Number of protein chains: 4
Amino acid sequence: MVFFMNIGYKTFAIIGGDKRQLYCARSLANDGFEVVLGGFDKVISMHGVRLMDAFKAAQSAEVIILPLPSVDKDGNIPAYFSDKSLSLKELSPFISGKRVFCSMKDKVLLSEPSLNSSLLSDYYAREDFVLSNAYVTAEGAVKIAMERFEGTLNGARILVCGFGRIGKALTRLLSGFSPELTVSARKSEDLAAIRMWGAKAVRTDELYNEQGFDVIFSTVPALIFRPELLAKIANDAVLIDLASMPGSVDFEAADRLEIDYIHALSLPGKASPKTAGEIIKDTIYTILEEEQR
Amino acid sequence: MVFFMNIGYKTFAIIGGDKRQLYCARSLANDGFEVVLGGFDKVISMHGVRLMDAFKAAQSAEVIILPLPSVDKDGNIPAYFSDKSLSLKELSPFISGKRVFCSMKDKVLLSEPSLNSSLLSDYYAREDFVLSNAYVTAEGAVKIAMERFEGTLNGARILVCGFGRIGKALTRLLSGFSPELTVSARKSEDLAAIRMWGAKAVRTDELYNEQGFDVIFSTVPALIFRPELLAKIANDAVLIDLASMPGSVDFEAADRLEIDYIHALSLPGKASPKTAGEIIKDTIYTILEEEQR
Amino acid sequence: MVFFMNIGYKTFAIIGGDKRQLYCARSLANDGFEVVLGGFDKVISMHGVRLMDAFKAAQSAEVIILPLPSVDKDGNIPAYFSDKSLSLKELSPFISGKRVFCSMKDKVLLSEPSLNSSLLSDYYAREDFVLSNAYVTAEGAVKIAMERFEGTLNGARILVCGFGRIGKALTRLLSGFSPELTVSARKSEDLAAIRMWGAKAVRTDELYNEQGFDVIFSTVPALIFRPELLAKIANDAVLIDLASMPGSVDFEAADRLEIDYIHALSLPGKASPKTAGEIIKDTIYTILEEEQR
Amino acid sequence: MVFFMNIGYKTFAIIGGDKRQLYCARSLANDGFEVVLGGFDKVISMHGVRLMDAFKAAQSAEVIILPLPSVDKDGNIPAYFSDKSLSLKELSPFISGKRVFCSMKDKVLLSEPSLNSSLLSDYYAREDFVLSNAYVTAEGAVKIAMERFEGTLNGARILVCGFGRIGKALTRLLSGFSPELTVSARKSEDLAAIRMWGAKAVRTDELYNEQGFDVIFSTVPALIFRPELLAKIANDAVLIDLASMPGSVDFEAADRLEIDYIHALSLPGKASPKTAGEIIKDTIYTILEEEQR
């Protein structure tokens with residue numbers, strides 16, 4: 001299905017990034033847009049997309065898409081498929097005055113103040129982007145659980161710790177496997193919602209009363225799994241920590257207790273780069289559509 | 001399973017109300033509490049619960065539970081199972097100084113300022129109460145749809161308008177029937193969430209592009225279904241309006257267009273008084289437990 | 001969506017029946033076929049369909065559809081929307097030599113042996129018809145449960161007795177409500193399947209060990225609910241018997257024990273005539289398509 | 001939960017096998033039985049279970065459990081955790097007259113006719129065993145799809161080819177991910193059932209009309225995926241063949257067309273040895289319980 005969306009632009013340059021950007025490019029091209037890739041020297045060819053030097057790519061397009069993150073601590077745009085470093089400062093004149101989509105806009109502007117803030121949109125700051133990625137993270141976490149746990153999720157005793165975006169997505173996704181599901185949360189309304197999902201609801205600060213889990217997903221961005229709790233409920237479990245650095249698990253204690261622990265970070269890009277790339281595209285479309293209202 | 005919860009009290013008086021209060025009473029009694037009912041003259045007997053004059057009931061208990069609403073515009077406590085009117089003012093000396101659970105605390109204090117505000121808890125204002133009732137409302141709405149629509153929900157073309165608490169509960173519940181499900185919302189992140197549920201996501205202000213629905217659930221507290229939209233998408237549909245007064249449908253236009261329209265209000269009490277009563281009890285327990293932390 | 005299916009015929013006459021036949025007619029007309037209704041004197045008009053005398057209707061069409069059942073014990077075709085009786089014998093010359101779809105072919109031929117057996121197809125004897133109706137029955141049963149039980153199905157303690165077609169459909173449908181679900185079966189492989197659905201599996205002949213159900217669906221065509229079992233597990237339950245006559249419940253005992261019992265027969269036609277009518281059409285299409293292979 | 005099931009025996013010897021047998025042993029020990037393992041020389045210790053020479057193990061127990069398969073073409077019992085070959089003939093005197101559970105009884109008796117057929121039960125021939133393993137296979141196949149496909153299953157265009165035990169389990173499991181699901185079958189009643197699951201139903205012999213799949217699961221034990229069909233519908237798909245040898249895919253053509261193809265055999269033992277081992281135990285329990293009825 002090739003159609004041309006009326007979003008006011010026809011050409012996109014994707015500068016730097018990893019597999020997600022390749023999939024984002026393919027998806028844009030499939031929608032009928034002209035797409036160029038810059039900073040992908042190791043990619044030899046890609047159907048429907050032109051590969052260029054990053055500067056030329058930037059020059060040739062109306063819209064620029066920077067990756068996630070858009071700039072590293074050295075001022076470079078991360079470019080997984082290139083051996084050359086790609087300086088944001090050097091690129092800056094070529095994208096100045098264009099419509100630029102980036103992640104973490106503050107850091108981009110801090111690194112390169114010359115960029116016009118009003119032309120710079122942060123897809124990473126969008127609620128729809130965050131929510132969609134939470135779902136992708138949940139699916140990636142389920143994949144890890146299936147790889148690490150030697151039984152089926154069906155019938156397994158599973159704990160989801162935390163009922164934020166990822167916890168909610170996990171609760172829904174795991175329900176399809178019919179496990180013995182326990183979900184913890186702090187807020188009373190979350191506990192009520194968990195019960196309505198047919199799962200056992202436990203206050204996160206009363207988790208020490210539980211036991212016997214096969215798989216534990218931790219989504220809470222705080223040090224929840226201290227040594228005592230680990231010893232109490234995670235003994236025979238596969239423990240998958242989805243909280244961003246520094247994580248929610250005392251990993252030294254986890255090692256000492258010989259718990260099968262994994263800190264799974266950046267799952268969307270690792271487990272589902274195709275969907276992660278399409279989410280970037282969808283978010284950019286939505287931003288442009290909203291501007292036209 | 002009879003146990004005694006350590007919530008600091010042993011005797012409850014339920015004063016006024018409808019079937020929900022009877023189920024709340026039974027559930028409290030099943031948990032091992034002493035329960036008296038006041039203002040239920042038409043109820044002859046109930047296993048495990050004592051029936052009394054409202055004043056005596058209030059006097060005899062540590063905790064008082066007022067119904068939903070707790071006071072009407074004439075200053076009376078609604079008592080569906082009694083022919084006598086039950087004045088909050090007259091009851092007031094008997095409940096003063098006791099632990100009182102009510103709904104819409106502001107109205108209660110306005111009607112009877114002598115009551116000690118600090119001893120008065122409003123279960124109706126709680127997020128967990130509201131969320132649980134949203135689910136009960138969704139189930140009641142599904143029941144109405146099954147009664148009104150002459151096909152199965154399986155395979156039916158269904159629209160849920162709005163993705164708040166009730167819209168979310170409906171989306172989840174209806175998914176189990178495998179309909180052709182469309183859900184509308186205003187926010188981009190809600191549209192993303194709807195898509196992840198496998199439903200078609202539509203902006204509420206673009207609903208006029210849709211058509212052919214068998215069943216429409218409207219949950220948005222605003223006049224959405226104006227004549228043009230009704231004529232466009234609700235022609236052959238059963239239209240169930242769940243928005244509180246004045247509703248989300250131009251009902252005169254709906255009549256004129258001969259649309260099968262129902263404004264379904266207060267569903268928890270009507271469709272599932274047992275669960276609605278148990279939710280009152282659960283919320284009171286949670287309030288008491290949180291105070292003990 | 002009006003299209004013309006290549007099934008070798010263009011005109012259909014629907015002779016006798018109830019609301020299901022009206023919906024079957026509408027659905028055929030929506031697919032682009034010419035449809036006449038005979039034996040529906042009380043129906044004044046219907047969009048896209050012509051109403052006729054039964055004999056003329058039969059004469060004018062290539063394909064004849066008889067209702068469910070197709071003939072009663074007096075040799076008449078049941079005609080819910082007519083005061084006149086419609087004799088199969090008298091109609092017979094008008095449908096002889098045509099393609100006729102009926103239910104319970106044996107009874108039709110017994111009543112009217114002159115009909116050409118090879119031109120007579122029994123949609124009711126088809127596995128796909130039976131399976132689809134089992135699902136419709138399950139949805140109708142869930143509707144009854146929602147009407148009779150005063151709590152939500154969410155969280156309710158529900159028993160499905162039997163794991164045949166209807167039992168399987170109920171298990172699937174009820175799972176979406178997240179109840180405490182118990183399903184009984186006789187065969188070990190069914191018990192294994194029930195467990196994988198996340199439900200509690202119980203041997204039907206060990207049901208007397210269970211208790212405390214809110215809602216019981218019985219699908220087994222045998223006298224399962226004898227007095228002792230009723231007293232043991234159905235005391236406070238809504239008991240919905242879906243087994244065809246004489247049912248699976250000792251109804252005298254159920255009355256004596258004051259159990260809220262309902263023998264729900266012919267649910268597809270009563271609860272979902274639209275879908276039931278469309279299933280007749282779909283089955284006829286499938287028969288005709290299979291003949292063309 | 002340690003309890004003692006009344007199944008008439010107290011001691012089990014598990015002779016040969018792989019991880020499944022280790023998990024079967026652990027599960028039996030957790031249920032309170034005395035368990036010895038024979039033919040697991042490479043296993044140093046296991047909590048609650050004694051490790052022995054195979055002959056001593058067989059001698060010491062009332063019940064013998066042989067692995068899956070129970071005997072290879074050389075007359076040996078497969079023993080993954082041993083370097084020594086374990087001859088069924090040599091073991092035979094030690095298990096003769098005991099209650100023996102095996103797989104593929106015919107082959108066992110062919111290899112060792114001295115064994116008493118009436119004391120020999122074949123867990124592998126049981127419907128409940130086969131059904132449970134079909135579910136485990138489906139979960140393993142979903143895991144492979146998650147590993148191979150670079151997008152999420154949510155929203156992916158998925159085909160399940162065949163609606164037998166594994167096809168049904170896949171349909172159910174995948175529904176939880178809300179993909180665009182197509183399921184193919186030959187029988188009309190299966191097509192009806194597929195539609196009720198909310199999936200698109202396609203006749204297996206009309207699959208050539210479909211296209212654009214991301215993931216294809218093939219469960220049909222016949223050569224379905226010939227070159228033309230591969231070229232038509234599997235071009236950009238991950239193709240997971242679950243049919244036992246020789247499979248359902250022309251793999252030379254798949255190679256030539258550069259299709260991402262995997263023939264996934266023996267998934268229960270590979271992906272979920274814990275559950276696969278517990279299913280062996282459950283089946284043995286069920287056989288023993290049925291004998292006591």
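In chain A, six strands form an open sheet in the order E3-E2-E1-E4-E5-E6, with parallel pairing. Strands here are DSSP runs of E with at least two residues, helices are runs of H or I with at least four, and both are numbered from the N terminus. Two strands count as paired if DSSP finds at least two bridges between them. The edges of this sheet are strand E3 (50-52) and strand E6 (120-122) of chain A, and each pairs on one side only. From one strand to the next, the twist averages 25°. Such angles run from 0 to 180 degrees between N-to-C directions, with axes as lines fitted to C-alpha atoms, for helices over the stretch in contact.

This is a predicted model, where local features need pLDDT of at least 70 and side-chain atom pairs count only at pLDDT 80 or more, while totals for chains, interfaces and linings use all residues. Residues are numbered from 1 along each chain as its sequence is written, and chains are lettered from A and ligands numbered from 1 in the order in which they are written.

Look inside the sheet of chain A. Strand E1 (residues 11-15) and strand E4 (residues 63-65) of chain A pair in the parallel sense over three bridges. There, A:Phe12 stands opposite A:Val63 in E4(A).

Now step back to the domains. Chain A is divided into domain 1 (11-125) and domain 2 (130-269); the bounds come from an automatic or database domain assignment. The C-alpha centres of domain 1 and domain 2 of chain A lie 35 Å apart.

Further along chain A, strand E11 (residues 238-241) runs parallel to strand E12 (residues 260-263), and four bridges join them. A:Asp241 stands opposite A:His263 in E12(A). With helix H9 (residues 251-256) of chain A, E11(A) and E12(A) make a right-handed β-α-β unit. Right-handed means that, with the strands pointing away from the viewer, the path from the first strand over the helix to the second runs clockwise.

Chain D shows another open sheet. Its six strands have the order E9-E8-E7-E10-E11-E12, with parallel pairing. Strand E9 (200-203) and strand E12 (260-263) of chain D stand at the edges with a single partner strand each, so one side of each has no neighbour in the sheet. Neighbouring strands of this sheet are turned by 15° against each other on average, direction ignored. Strand E7 (residues 157-161) and strand E8 (residues 180-185) of chain D pair in the parallel sense over five bridges. D:Arg157 stands opposite D:Glu180 in E8(D). Helix H5 (residues 127-148) of chain D lies across strand E10 (215-218), strand E11 (238-241) and E12 of chain D, running at about 155° to E11(D).

Next, the contact between chains A and D. Residues are in contact if their C-beta atoms, placed from the backbone, lie within 7 Å. The contact takes 19 residues from chain A and 19 residues from chain D. On the side of chain A, helix H5 (127-148), helix H6 (165-175) and helix H11 (273-292) give two or more residues. H5(A) gives the most, with six residues. The residues on this side divide into seven nonpolar, seven polar and five charged. Ala, Val, Leu, Ile, Met, Phe, Trp, Tyr, Cys and Pro count as nonpolar, Asp, Glu, Lys and Arg as charged, and the others, Gly among them, as polar.

Finally, chains A and B. A rotation of 180° with 0.0 Å of shift along its axis superposes chain B on chain A, with an RMSD of 0.0 Å. The two copies are thus related as by a two-fold rotation axis. The superposition is by least squares on the C-alpha atoms of residues with pLDDT of at least 70 in both. Of the residues of chain B, B:Arg172 comes closest to the rotation axis, at 4.7 Å (C-alpha).

Conventions:
Contact = placed C-beta atoms within 7 Å.
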